[in-house]
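Dear colleague,

My notes on what was found follow below it.

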Amino acid sequence: MTTSRRLADRKSAKFQKNILKRGAVPETTVKKSNPYPVGPIVLSFFIFVVIGSAILQIFRTATSGGLA
């Protein structure tokens with residue numbers, strides 16, 4: 001399957017025009033990174049579990065006389 005010379009020249013010109021536009025991306029299309037990789041709900045749940053388990057461990061140790 002051959003391509004006509006006129007069609008090939010048109011495709012070549014189209015790609016050549018795009019080469020000159022490389023790196024000229026407007027600011028609106030650039031994706032900004034999220035300052036918080038973890039959501040605030042997940043972070044608060046994690047802190048609740050960690051601090052809650054530490055408090056329960058302190059109570060368990062205090063009620064058993066330090067022999068747990």
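Helices (H or I, at least four residues) and strands (E, at least two) are DSSP runs, numbered from the N terminus. This is a predicted model, in which local features need pLDDT of at least 70 and side-chain atom pairs count only at pLDDT 80 or more, while totals for chains, interfaces and linings use all residues. Residues are numbered from 1 along each chain as its sequence is written, and side-chain values use heavy atoms, with hydrogens and water left out.

The protein chain holds two helices and zero strands. Of its 68 residues, 0% count as buried, where buried means under 20% relative accessible area, exposed means over 50%, and partly exposed lies in between (1.4 Å probe, protein chains only).

Helix 1 covers residues 5-20 and contains both Arg5 and Asp9, which are four residues apart, about one turn of the helix. Their side chains meet in a salt bridge at 3.7 Å, N to O, the term standing for a side-chain nitrogen of Lys or Arg within 4 Å of a carboxyl oxygen of Asp or Glu. Side chains of opposite charge can pair when their charged atoms come close. Arg5 is exposed, with a relative accessible area of 63%, whereas Asp9 is partly exposed at 39%. A search of the whole structure finds one salt bridge.

Helix 2 has 24 residues and reaches 34 Å from its first C-alpha to its last, close to the 34 Å expected at 1.5 Å a residue; the expected span is 1.5 Å times one less than the number of residues. After helix 2 comes Gly65, whose phi is positive, near 80 degrees.

An unreviewed UniProt entry places the feature "transmembrane region" at residues 41-59, although such annotations may be inferred rather than shown by experiment, and positions are given in the numbering used here, with feature names shortened. That span is 100% helix and 0% strand, and its end C-alpha atoms lie 27 Å apart.

Best wishes
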